[in-house]
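Please work through each task with the model in view before reading its solution.

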Amino acid sequence: MGALLSLPLLAVPSMGTIISFAASCCGAATCSMVCSACGKCGNSVATRIAYALILLVNSILSWIMLTKWAIEKLQHLMLDYVKITCGEGDCHGWLAVHRINFALGLFHLFFAGLLLGVHSSKNPRAAIQNGYWGPKIIGWLALIVLTFFIPDSFFVFWGNYISFVCAMLFLILGLVLLVDLAHNWAEYCLVQIEDTDSKVWRFVLIGSTLGMYLASLAMTIVQYIFFASSGCSMNQAAITINLLLWVAVSAISVHPTVQEYNPKAGLAQAAMVAVYCTYLTMSAVSMEPDDTEDRHCNPLVVGQGTRTTTVVIGAIATMLTVAYTTTRAATQSLGLGGNGKGHIRLPDDDEHDLVTTQPSARREMRAEALRRAVEEGSLPADALLSDDDDESDAGGNTAHDDERSSTQYNYSMFHIIFFLATAWVATLLTMDWDDKRQDDFATVGRTLWASWVKIVSSWVCYAMYTWTLVAPILLPDRFDVS
């Protein structure tokens, strides 16, 4: 996208602003063409992909602007005739990352309020969610420009407090959805087994459970071999606590009292939670900065590849997490404002319950009846034209529209989740970052803070899952035991 390289110029007046605006128009046109290939983003999936791409570009730009590498390259491309400055401070670093992510966060908050109460694509405001990509791109870039005119003191407060809190909310939301996924997966398999008595689904349930436990055990053994040497007390404690916790939640899942109040609880859910939390722990110890002399607590520090490769892998993992979280949060009603399942929705006046277009045979019969009526003089000639318009509307405008009856996800909640995601990206990039570092590229997540966030997140995930097991026992009136 042309705007990617031109965005740093947006902080520069006169010629830089003109060049950036022209490049941003090219970027908007590119996004619009991509969306056109997806059916003009009328499809809900294409719309979500488009917003995810914007977040990806914004995250990459934030990472680039964390160091002065991008500024120096741009100045070099202009033969050092133009010096890029941003008032009294620098155009890169800690503040620049929070400015860029604040711009996209404000962008999503604006749409969250604008799209509140939209329940189908027949609402005129639904077009704002699924279209107008050119103006959206330009508006997003304009917000980035404006943030560089906001005083630094505001972003110092925003980055240290507001953004940090929102980032933690994003992490907690991801853990809630992971626990919910574990229960939904196991219950879906059980329903398929009960309804069809299929051996395939029995194999899927048993095989996936066994496979996840074996993966958890294998990762634990690898951690003890490579990251828990003598003197690595933090790694030893984190790995051992994780092992004890996934053994404990597995035992709780099959406890007779838990089975009495929740017969669908079992090892399948515990296995998914165990493999995810073990992965978090392994990721924490493998990304931990090793200050020992021979790097024996984290041998990957010695043999790690280029910083670019590390950052790309981290960015892909982050985007997968963001995509999963936003998709799950937007399509369920777990206290998140989703449409939910099981709710009764009355049909609209202009459509029936089962289909939204007429079958081809019935449409032909209707057209023939209209032609005869026009020939007999009982209907005006323009009745045939109106019929053609109805057919084109049914077959053309709604061909890619899967939200005519009801939206596939809650638009406002979707944008709120993305707002929290921008705060998480900013916090991940800037926490424990030193602006005095002279590196060309900044590593993502290779800090002691990031390691502890992953370790504590795994413990919180175990606690959440345990609560879903014991809550029906402690609060039987709040749950349907039957």
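**Exercises on helix geometry and packing**

α8 passes α18 in a right-handed crossing. The model is a predicted one.

**Exercise 1.** Determine whether the end-to-end distance of helix α8 agrees with its 45 residues.

*Solution.* Helix α8 covers residues 152–196. Along its course, α8 bends by about 45 degrees at Trp158. Just after α8, Asp197 adopts a positive phi of about 50 degrees.

**Exercise 2.** Classify the packing of α8 against helix α18 (residues 448–474) and describe the contact.

*Solution.* The angle between the two helices is about 45 degrees, and their axes are 10 Å apart. Angles under 35 degrees count as roughly parallel and 65 to 115 as roughly perpendicular; α8 and α18 are therefore oblique to each other. Residues of α8 in the contact include Phe164, Met168 and Leu171, while those of α18 include Trp449, Val453 and Ser457. The contact residues divide into 15 nonpolar, three polar and no charged.

**Exercise 3.** Classify the packing of helix α5 (residues 94–114) against helix α7 (residues 133–147).

*Solution.* The helices pack at about 135 degrees, with axes 8 Å apart. Roughly antiparallel requires an angle over 145 degrees; α5 and α7 are therefore oblique to each other. The crossing of α5 past α7 is right-handed. Among the contact residues are Arg99 and Phe107 of α5, and Lys136 and Trp140 of α7. By class, the contact holds ten nonpolar, one polar and two charged residues.

How values were computed: Residues numbered from 1 in each chain as written. Predicted model: local features only at pLDDT ≥ 70, side-chain atom pairs only at ≥ 80, totals over all residues. Heavy atoms only, no water. Helix = DSSP H or I, 4+ residues; strand = E, 2+ residues; numbered from the N terminus. Expected span 1.5 Å × (residues − 1). Bend = angle between axes of the 7 residues up to and from the residue. Axes fitted to C-alpha atoms, helices over the stretch in contact; angles between N-to-C directions. Left-handed = near helix turned anticlockwise from the far one by under 90°. Contact = heavy atoms within 4.5 Å. Nonpolar A, V, L, I, M, F, W, Y, C, P; charged D, E, K, R; others polar.
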